[in-house]
Amino acid sequence: TALTSLNLSDNGLGRVGSSHIAELLPRCSALRQLNMKNNAIGALAGELRTAHLVHLDLSGNRLRDDGAAILADHTHMSWAQHLQALNLSCNGIGSDGATRLSDALAGCGCLG
């Protein structure tokens, strides 16, 4: 049986631990839900993507505008095409980051 849900919330993984998870994700083709809430991973959250995710929780990770910009990178938005839920709350994302995310999500096909 393949792993479909991974909850690593509130573990203090930081950038180092999260980078190891990011390296693993491309090999997790069955993974549909990833919860990385409250791990202080900052802009590295932009590397936590896989093309088959349906639910992604990156709340409370201090993404700020830099992390939002990485997530919004148009060359990588194909990872979001199946998303049904994306939680980016409590990340200090300002208007610049929100604009980049909004534009990218509107163009990736995940909004229906």
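**Charges, cysteines and the chain around them**

Reply: In this predicted model, the 8 positive and 9 negative charges of the protein chain have mean positions 6 Å apart.

Next, the cysteines. A disulfide is a covalent bond between the sulfur atoms of two cysteines. A search of the whole structure returns zero disulfides. Cys28 is buried, at a relative accessible area of 13%, which falls under the 20% cut-off for that class. Cys90 is exposed, at a relative accessible area of 69%, and so lies over the 50% cut-off for exposed residues.

As for the chain that carries these residues, it has three helices and four strands. Read from the N terminus, the order of elements is β-α-β-β-α-β-α. The radius of gyration of the protein chain is 13 Å, close to the 13 Å that the globule rule gives for 112 residues, so the chain is as compact as a globular protein of that length. Along the principal axes, its C-alpha atoms fill a box of roughly 40 × 30 × 20 Å.

Inside the chain, buried residues account for 44% of the 112 residues; Cys28 is one of the buried residues. Among contacts between residues at least 6 apart in sequence, 66% join residues at least 24 apart.

Notes. Residues are numbered from 1 along each chain as its sequence is written. This is a predicted model: local features need pLDDT of at least 70, side-chain atom pairs count only at pLDDT 80 or more; totals for chains, interfaces and linings use all residues. Side-chain values use heavy atoms; hydrogens and water are left out. Helices (H or I, at least four residues) and strands (E, at least two) are DSSP runs, numbered from the N terminus. The radius of gyration is taken over C-alpha atoms; the globule rule is 2.2 Å times the number of residues to the power 0.38. Buried means under 20% relative accessible area, exposed over 50%, partly exposed in between (1.4 Å probe, protein chains only). Contact means heavy atoms within 4.5 Å. Lys and Arg count as positive and Asp and Glu as negative; His and the chain ends are not counted. The place of a charge is taken as NZ of Lys, CZ of Arg, CG of Asp or CD of Glu. A disulfide is a pair of cysteine sulfur atoms within 2.5 Å.
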